[in-house]
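This report looks at a helix, a sheet and some aromatic side chains in turn. Please keep the sequence and the structure at hand while reading.

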Amino acid sequence: MYNVDISLIKMVTDHYWIKRDRIINKLNHKGKMHFDKYEKIDATLTRSIMNEYADQKIIVAHSLINSRDKVENLVFDYNGRNTEKFWHRAQLMLREEGFLNFTAYETKTPGHLHLYVHKGHTTLQEAYQLSKTLSAKLSTKLPREWKMFPNPDLPREFNILNLPMKVYDKERGASWAKHM
């Protein structure tokens, strides 16, 4: 049963992606060849599909960019060795930058986090710029062990993330807003 609190993030649910055992598509983006193993399914991402994912029958991903080129979340895809240190440094930096709502989710890989920064209805170009800026600021404090999404260096079809498995930690701005 998929019981992760995904209401904390606004996911694009009008379509989803399923990972296949073969290459679905080959894309040439900015002179680099990308091999796609995720197949886009033009149907609503339902609870039953999420349950299949939780039972590890299929691997499901969601898009970060909607059909109107808007982004709801900026995401740090952390795959390092010290999740506690990353979470601590990232939340301090995000608060300092004025972001009050963000949630870290564990994935099925131990030590791997997806930190969703809830930005809300942001244009794609602004999201690209914010992603680069936040990543650069955090890299002054930590060794770079993450990728940022959305990422302009990847094709649009690659700006997807697997569904979260479990909430790692969350920050909601009400308690910190009075100190800003």
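Helices here are DSSP runs of H or I of at least four residues, numbered from the N terminus. The model is predicted, and in it helix α1 covers residues 47–54, with I49, M50, N51 and Y53 buried. After α1 comes Q56, a residue whose phi is positive, near 60°.

## The four-stranded sheet

The strands β4, β1, β5 and β10 form, in that order, an open sheet with antiparallel pairing. Its edges are β4 (38–41) and β10, each of which pairs on one side only. Across this sheet, neighbouring strands are turned against each other by 35° on average, direction ignored.

Between β5 and β10, which run antiparallel, there are three bridges, and H62 has L161 in β10 as its bridge partner.

## Aromatic pairs

A pair of aromatic rings is described by the distance of the centres and the angle of the planes. A search of the whole structure finds eight aromatic pairs, among them the stacked pair of Y78 and F86, with 4.2 Å centre to centre and 15° between the planes. Both Y78 and F86 are buried, and together with F76 and W146 they form one aromatic cluster.

Another pair, Y105 with Y116, is edge-to-face, at 5.5 Å centre to centre and with 90° between the planes. This pair links distant parts of the chain, since Y105 lies in strand β7 (residues 102–106) and Y116 in strand β8 (residues 112–123), 11 residues apart. Both Y105 and Y116 are buried.

Key:
Residues numbered from 1 in each chain as written. Predicted model: local features only at pLDDT ≥ 70, side-chain atom pairs only at ≥ 80, totals over all residues. Heavy atoms only, no water. Buried < 20%, exposed > 50% of the residue type's maximum accessible area, 1.4 Å probe, protein only. Helix = DSSP H or I, 4+ residues; strand = E, 2+ residues; numbered from the N terminus. Pairing = 2+ DSSP bridges. Axes fitted to C-alpha atoms, helices over the stretch in contact; angles between N-to-C directions. Phe/Tyr/Trp six-rings, centres within 6.5 Å; stacked < 30°, edge-to-face > 60°.
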